[in-house]
Number of protein chains: 2
Amino acid sequence: MPAWTTEQLVRVEQALEQWVPPDAPADLGQAMRHAVLDGGKRLRPLLVLASVRACAPPQPAAWMNEAGLRAACAIELIHAYSLVHDDMPCMDNDVLRRGKPTVHVAYGEAGALLAGDALQTLAFELLTPTHSDIPATVQAGLCGLLARGAGHAGMAGGQAIDLASVGEQLTLEQLRQMHRCKTGALLETSVMMGAVAAQASAQASQALLSYGQALGVAFQVVDDILDVTADTAVLGKTAGKDADNHKPTYVSLLGLQAAQQEAARLAEQAQQALAHSGLGDTQALQSLADWVLQRKH
Amino acid sequence: MPAWTTEQLVRVEQALEQWVPPDAPADLGQAMRHAVLDGGKRLRPLLVLASVRACAPPQPAAWMNEAGLRAACAIELIHAYSLVHDDMPCMDNDVLRRGKPTVHVAYGEAGALLAGDALQTLAFELLTPTHSDIPATVQAGLCGLLARGAGHAGMAGGQAIDLASVGEQLTLEQLRQMHRCKTGALLETSVMMGAVAAQASAQASQALLSYGQALGVAFQVVDDILDVTADTAVLGKTAGKDADNHKPTYVSLLGLQAAQQEAARLAEQAQQALAHSGLGDTQALQSLADWVLQRKH
């Protein structure tokens with residue numbers, strides 16, 4: 001792991017530790033912290049921060065640092081809330097996440113429902129600090145991007161398709177559409193939030209959008225591969241769930257080998273988008289695309 | 001009902017009809033619309049719009065109209081999402097809401113979970129339109145207010161206290177604290193969003209805050225009274241649930257008569273806050289305070 005990644009992970013963990021409130025009433029704060037702290041690959045926050053790094057002007061404004069960190073944590077909270085709700089008995093009914101009991105196992109179903117709800121709200125709270133030098137245009141832009149990526153036309157819409165598709169025969173195009181919303185939208189949003197936080201040029205934003213779109217699909221293809229090839233201990237969540245639930249996946253549609261080729265092709269496409277793009281230092285974005293392809297969990 | 005209220009209700013219904021998407025994937029859009037359209041008192045939207053009316057300058061900017069309407073609909077979406085999740089089997093397990101089957105009865109538990117999640121997100125999407133003359137300071141201000149009112153220190157926090165208090169003996173002060181978060185925060189936020197949308201003066205904002213705080217508690221006291229005195233058909237939701245669930249209420253703590261006196265005292269306090277306040281036309285705000293006290297459902 002490059003030094004930059006290690007540094008940024010420390011920043012993100014410290015910020016989440018500070019911003020996810022331990023003192024929310026009753027068990028709410030503890031349930032929220034259970035869902036967010038001590039775990040997670042933090043891919044979305046790293047994408048935000050890598051994107052800021054690639055877009056920031058030579059002399060970045062002081063507030064850009066804070067804007068990037070707030071955006072990084074906000075999108076991780078959205079991701080965390082979606083996992084909490086996904087794991088509930090009425091959805092995937094999963095008891096293990098990031099190697100720990102899921103939130104509804106630890107805090108009850110009502111507690112998990114509320115914690116997820118409050119994590120989503122907290123994301124928008126983080127993006128609109130009451131005392132801050134972050135310009136209102138950046139704050140409003142980040143809120144708008146996050147809402148569109150997480151909502152009915154993005155992540156939540158993808159989950160609705162996913163829910164409706166259990167036991168159904170999907171075409172490859174329908175499967176792509178589902179994942180473009182369910183997982184891709186938030187990965188793409190991460191990259192674009194970095195662009196807004198760093199006030200990127202239109203050209204740079206366009207390049208990042210292409211990168212984010214390819215990476216989003218690559219991530220999901222690899223997820224489907226790992227569901228088949230990894231074991232539960234390494235994965236930190238229950239392996240083999242998709243096949244057990246008769247969910248269509250890239251592996252079930254393409255076969256394992258073709259799915260692996262597709263993942264490699266998409267990761268290469270993401271790398272290509274970064275070349276000749278008017279971006280600055282894209283090293284971190286390149287590393288993240290490598291990691292998405294090669295990850296073991 | 002004054003002509004102003006009737007007009008504004010039409011505006012809000014039309015806007016919600018337009019903004020809650022029928023075409024979200026699978027059943028998601030229909031479940032969201034089931035939760036929001038054709039029902040509800042629209043108290044929160046009316047508070048936003050009444051507050052805009054009381055704060056707007058003599059020659060309001062053209063965008064203020066749109067900002068008020070977006071804020072009105074956004075807070076109604078937050079309210080609607082909270083009802084969808086509250087009604088779920090793991091929370092209040094209610095099957096009837098606004099005289100209709102609850103969302104989880106009509107669309108299943110997973111469908112209700114997702115619809116509530118997507119309604120919350122949509123609220124923030126409405127506040128950050130991509131093409132609009134609403135200044136970014138107003139957009140960011142509205143997002144921040146809504147997030148704080150709905151989150152762990154507001155509505156969601158109040159629900160966590162509520163959840164933990166079933167079967168517990170609360171003091172009057174603890175009960176007040178719970179409702180200040182659970183119901184009061186969002187009513188107060190409605191009024192303050194109106195102030196932000198109309199770029200109110202500090203003096204006017206302070207007066208509206210006092211009004212909103214008193215009104216918020218009054219609303220909950222009346223809610224507790226109606227749970228005892230109204231029947232299910234008029235209420236549009238199951239009456240007598242609080243007593244059945246051994247939930248502490250103003251009526252169980254104070255007795256019916258003293259609760260009625262407390263409601264009247266708080267409504268009068270709200271009215272007083274509007275006098276000598278530097279506000280403009282407060283007629284709509286006055287009518288809403290009257291309505292909160294006298295409502296039958």
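User: How does α6(A) pass α5(B), in a left-handed or a right-handed crossing?
Analyst: Left-handed, i.e. the near helix is turned anticlockwise from the far one by less than a right angle. Helices here are DSSP runs (H or I, at least four residues), numbered from the N terminus. This is a predicted model, where local features need pLDDT of at least 70, side-chain atom pairs count only at pLDDT 80 or more, and totals for chains, interfaces and linings use all residues. Residues are numbered from 1 along each chain as its sequence is written, with chains lettered from A in the order in which they are written.

User: Which residues meet there?
Analyst: From α6(A), Cys143(A), Ala147(A), Arg148(A) and Ala150(A); from α5(B), Thr121(B), Phe124(B) and Glu125(B). Contact means C-beta atoms, placed from the backbone, within 7 Å.

User: OK, switching to α5(B) itself. Where does it bend?
Analyst: At Glu109(B), by about 100°. That's the angle between axes fitted to the seven residues ending there and the seven starting there.

User: And what does α5(B) span end to end?
Analyst: Only 22 Å between its end C-alpha atoms, whereas a straight helix of 24 residues would span 34 Å (1.5 Å times one less than its number of residues).

User: How many residues does each chain put into the contact?
Analyst: Chain A gives 43 residues and chain B gives 43 residues.

User: Which helix gives the most on the chain A side?
Analyst: α5(A), with eleven residues.

Note on methods
Helix = DSSP H or I, 4+ residues; strand = E, 2+ residues; numbered from the N terminus. Contact = placed C-beta atoms within 7 Å.
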